[in-house]
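Here is a short briefing on the fold and packing of a two-chain model. Read it alongside the sequence and coordinates.

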Amino acid sequence: MPDLTMPAGSRLDPPRVNRRSFLSLAAIGSFFGAIGVALAGALRLPNPAVLPGPVRRFKIGFPDQFAVGSETRFEQESLFVFRDAEGVYAISAICTHLGCSVARAPNGFACPCHGSKFDLRGDVQAGPAPRPLPWLEVGRAADGQLIVFADNEVPEGTRFRV
Amino acid sequence: MASTATRPDRTTATQEFLHNLRLLPRTLKDAWFRIGHTPESEREVSQATFHNLFLHIHSVRVHVRTLAPAFTLGLGLISAASFVVLCITGVLLMVYYKPSTTLAYDSIKDLHYVVFTGRFMRNIHRWSAHVMVVAVFLHMARVFYTGSYKKPREFNWLVGLALLVLTLALSFTGYLLPYDQLAYWATTIGANIANSPRELTDAIGISTWFDPGGFQKRLLLGANFVGEDSLIRFYVLHVFVLPVLLIMLLGVHFWRIRKDGGLARPEEPMGGPAEWGGSMKRVFEPLATKTYGLMALVKGRRPTVNRGPENTVMSWPHLFWAELAVFMLTVAICLILSFYSDAPLKELANPAVPENPAKAPWYFLGLQELVSYSAFMGGLLIPLIAWVGLALIPFLDRRPGGEGVWFGTPGERRVAWQSLLFGLLTSVGMLAFTVNFGWLRNWFPRIHQLWIIAINPGSILVLLYAGWSLLVLKRKDSVRLAAVALFTCFLIGFTVLTYFATIHRGPNWQFYWWPSQWPVH
């Protein structure tokens, strides 16, 4: 029998939780807790640990194939390679907005999907693109060919001396 | 009925066996249909409805307003019917479809050119998907403008909104499966919209530690680019996860209709006529001195507590005929469309060269227009705001009245017309301005990305609509009318943007008056 003299339920004097209801609350809580943790662990699976996909490291040819002042488009690799007096540099052709391939426009690059425009250094001139086109790391492979590391971004203006 | 359970005297087991064999058609029928014959009296009809798994989601009697075609326009049923068509044709397509980047495109070509009725099945699948999306949107508008989301139907409105998301997700995941140019680039764009919170995290420089956008994209694609992993993920979502979720929620949706007391309708006085014995007559005369109740606890006023069968008719056959008719109509529409128009199939996906323009399916083109201002604001934030706004409607507009009647509260029709005009003018004006004068970045090339995210034609339209709705709230002193204003504005804005991006956006997302003016490339 509950003690009827005690006014139960006020904020200062909350009703006593008896042992039985405490234990059943704990049981229900541990059930949902365990299920929740188990589900969260199971749902960790679709988050890929390794990102499959093409190796984005391209040999583009020997340095003397790129005359000073030249520009070359590599369509399959989605990049442009330029050479000026200071060296060789590569600019990604993947639009920073939603990933379409940009095309060469008179004074820079233009994206066909949502109309972003970039200047020749890749800086945004118009449209929704949030960032400039990334400059990519250029290096030399063991056989003397130039190699572009398309996953490695370098600061704008970085050139590879050849 | 089944007459000879025990063996009469002086018959052999062989005779009994033959006797039972002769009775087999009848005993089988008795076992299957518990009544054993076509139900005749209304009592038998009730039992037949009640005892059948597939029929018992209907109540035995249905209100005459529910059957009025001008009330529901059959839109919910059309949505459900087109989903059934999608399931059947989808399973048939699965027989030949191979979810692999090297085989998918060829298997679709096989379906198109080699498989008997393959092209027709794919067309039906495509067209019924369009029908489903249209019907779901219109169904939502019907429920809104008839005030049918009000208590006790708030929860079913939420279930409906979840079903809307599932419908669109099914469309989106199905888009990749042919693995043609359209599929590849629409999915690339979609995945990068999922990636677009990075715009914000980049702008404030925390992407290295906190990158929800990249997480969403990896989860969707399983890689950094659309490829084998993405195709399998989309396939599993499209043929299993999303349909199963949709079927479950559809079950909840139907069940709640029943539990919330059928379709919404106005209060009516007790003791009206009902169909009884073939004609409408008064069958229930409540006595003022008696209290009527159900023998179970029933929440709310809607289930027939304290009343007789006023203005109702038997579900069998009235409702069932109507349902079959709507189903036939849906199938007929899908068949006719599929007969005259083939589902498109572009060239094989080429990751090097995008389609120009690369357009999503038409119902996402309104979003694509917004995305061309800012991927994060247009692709994620505005849809989220709109969806949450829709979800809040039944909890902010709680004043009863006008349920189940088109534009049921006073002044509603007028506000709807005014909002239609306002929404039309603002969205068309905004588009015209943007096309003619450009936007922030055309004027200030060095502007910070945060400004582009925050202030763009899309977010300004949302602000205008919210402002208009607040004005209506103040002037008309009615939450319902403010909701009508906002809903109408968003509906019109969505329609205008969708139309604009479908017709007037061409290569490089530039404005053209007509697709025939697009430059040849």
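Two strands pair if DSSP finds at least two bridges between them. Helices (H or I, at least four residues) and strands (E, at least two) are DSSP runs, numbered from the N terminus. The model is predicted: local features need pLDDT of at least 70, side-chain atom pairs count only at pLDDT 80 or more, and totals for chains, interfaces and linings use all residues. Residues are numbered from 1 along each chain as its sequence is written, while chains are lettered from A and ligands numbered from 1 in the order in which they are written.

**Sheet in chain A**
- An open sheet of four strands in chain A has the order S5-S6-S7-S8, with antiparallel pairing.
- Strand S5 (103-105) and strand S8 (124-126) of chain A are the edge strands; each has a single partner strand, so one side of each lacks a neighbour in the sheet.
- Neighbouring strands of this sheet are turned by 35° against each other on average, direction ignored; axes are lines fitted to C-alpha atoms.
- Strand S7 (residues 117-119) of chain A pairs with S8(A) in the antiparallel sense over two bridges.
- A:Phe118 has A:Val124 in S8(A) as its bridge partner.

**Overall form of chain A**
- Chain A holds one helix and 10 strands.
- The C-alpha atoms of chain A fill a box of roughly 100 × 40 × 25 Å, taken along the principal axes.
- Of the 162 residues in chain A, 28% are buried (20 or more other C-beta atoms within 10 Å of the residue's own; exposed means 12 or fewer, partly exposed in between; C-beta atoms are placed from the backbone).

**A:His97**
- A:His97 lies in the loop between strand S4 (87-92) and S5 of chain A.
- A:His97 is buried, because 27 other C-beta atoms lie within 10 Å.
- Not counting residues up to four places away in sequence, A:His97 touches A:Cys111, A:His114, A:Ser116, A:Pro128, A:Ala129, A:Pro130 and B:Ala375 (contact means C-beta atoms, placed from the backbone, within 7 Å).
- The C-alpha atoms of A:His97 and A:Pro14 are separated by 57 Å; the two are 83 residues apart along the chain.

**Domains of chain B**
- Chain B is divided into domain 1 (59-265 + 303-355) and domain 2 (361-521), with bounds from an automatic or database domain assignment.
- The C-alpha centres of the two domains of chain B lie 23 Å apart.
- Domain 1 of chain B puts 28 residues into the contact, and domain 2 of chain B puts in 27 residues.
- On the side of domain 1 of chain B that touches domain 2 of chain B, H8(B) gives the largest share, seven residues.

**Nonpolar cores**
- The largest nonpolar core has 119 residues; A:Leu79, A:Ala90, B:Tyr179, B:Ala183 and B:Ala485 touch the most other members. A nonpolar core is a set of buried Ala, Val, Leu, Ile, Met, Phe, Trp, Tyr and Cys residues joined through C-beta atoms within 7 Å.
- Helix H20 (residues 479-503) of chain B gives the most to this core, with 13 residues.
- A second, separate core of five residues includes B:Leu163, B:Leu170, B:Leu242 and B:Leu246.

Methods: Axes fitted to C-alpha atoms, helices over the stretch in contact; angles between N-to-C directions. Contact = placed C-beta atoms within 7 Å.
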